[in-house]
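Biologist: Hello! Could we go through this model together, one question at a time?

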Amino acid sequence: MTIARALSIAGSAAHGSAGIQADLKTFQERDVYGMAAITAIVAKNPVTASSIFEQPLEAIEAQFYTATKNVGVDAMKTGMLFTTEIIELVVHLLKNEKDKPLVVDPVMIGKMGSQLLHDDAIETMKKQLFPLATILTPNRHEAAKLIGKKELHTIEQLKDAARELHQFGPTYVVVKGGVIGEKAIDILYDGHQMMELVEPSVETIHTSGAGCSFSAAMTAELAKGTKTMEAVMLAKKYVTAAINHALSFGKGIGSTYHAAYRKFGEATNEGFGKKIKNLH
Ligand code: PXL
């Protein structure tokens, strides 16, 4: 049997909703063999301050080679990269796998406010990593910061940000707009066409891991050979279901439910905002 293989180079989120944990769960859900190179460990629960345990560069490099040389990859994704040194190493490593699709999720701040990327690493990420990306997937806050704006509020502002970020060299830009009015809107731009991906918004605070899972689902589809536009649209359906069936564990911001698309199928308008589940 053959199976598509995907590698995530990202942080470990001990709470299980985001980071490497979200990526591996999503790869599994999308029938892709998942691998991980952990850059840092974020140990927290949603109500306490987090600690970040950066991993040594040799450990990151060894994980990358284990995955790419012993197993092989069909697509890759980057998430939390934390420092300039880690970005420079990852850029160097990725050049060995240049022909493989790459999703770059420019993770900066966790849902509870932990800083997952040093401010002084932003320029290196823009200049060195963005040009390697097949898809660049900032959320609206990251997109604003990357183009030196305070916040992006309107769809037009999201589109302008997508145009500006495309200049750094990614093939596609997806700006994850989040909720705008009654809708969850993302912008997809390929340098020519601007598309709006629209789903009804879900009324929930339990969205931890949504961004990671969205970009991981894109990575899984690219690993399987799905064309980029279709990969993004399938990923949007996957993450909409995951948010629609979000999990609350009783404290703070809960988790997107990574298995929701498989278990409950495509989200519909019916019951939106009412499907918040508390399994514990
Ligand atoms: O949601 C962004 C994110 C990414 N990566 C790691 C995280 C988080 C948020 O908690 O911990 C490792």
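Modeller: Happy to! Buried means under 20% relative accessible area, exposed over 50%, and partly exposed in between (1.4 Å probe, protein chains only). This is a predicted model, where local features need pLDDT of at least 70, side-chain atom pairs count only at pLDDT 80 or more, and totals for chains, interfaces and linings use all residues. Residues are numbered from 1 along each chain as its sequence is written, and side-chain values use heavy atoms, with hydrogens and water left out.

Biologist: Is Val-71 buried, partly exposed or exposed?

Modeller: Val-71 lies in helix α2 (residues 57-71); helices are DSSP runs of H or I with at least four residues, numbered from the N terminus. Its relative accessibility is 35%, so Val-71 counts as partly exposed.

Biologist: And which class does Lys-100 fall into?

Modeller: Lys-100 is found in the loop between α3 (84-94) and β5 (102-104), where strands are DSSP runs of E with at least two residues. Its C-alpha is 6.1 Å from that of Asp-74, although the two are 26 residues apart in sequence. Because its relative accessibility is 23%, Lys-100 counts as partly exposed.

Biologist: Which strand gives the most to the shell around the ligand?

Modeller: The ligand is surrounded by 13 residues, each with a heavy atom within 4 Å of it. Gly-11, Ala-13, His-15, Gly-19 and Leu-116 are the closest. With three residues, the top contributor is strand β1 (residues 5-13).

Biologist: How far is a polar side-chain atom of His-15 from an oxygen atom of the ligand?

Modeller: His-15 is among the closest residues to the ligand. The distance from its polar side-chain atom to the ligand oxygen is 3.3 Å.

Note on methods: A polar contact is a pair of N or O atoms within 3.5 Å; within protein, one must be able to donate a hydrogen and the other to accept it, and residues adjacent in sequence count only if both atoms are side-chain atoms.
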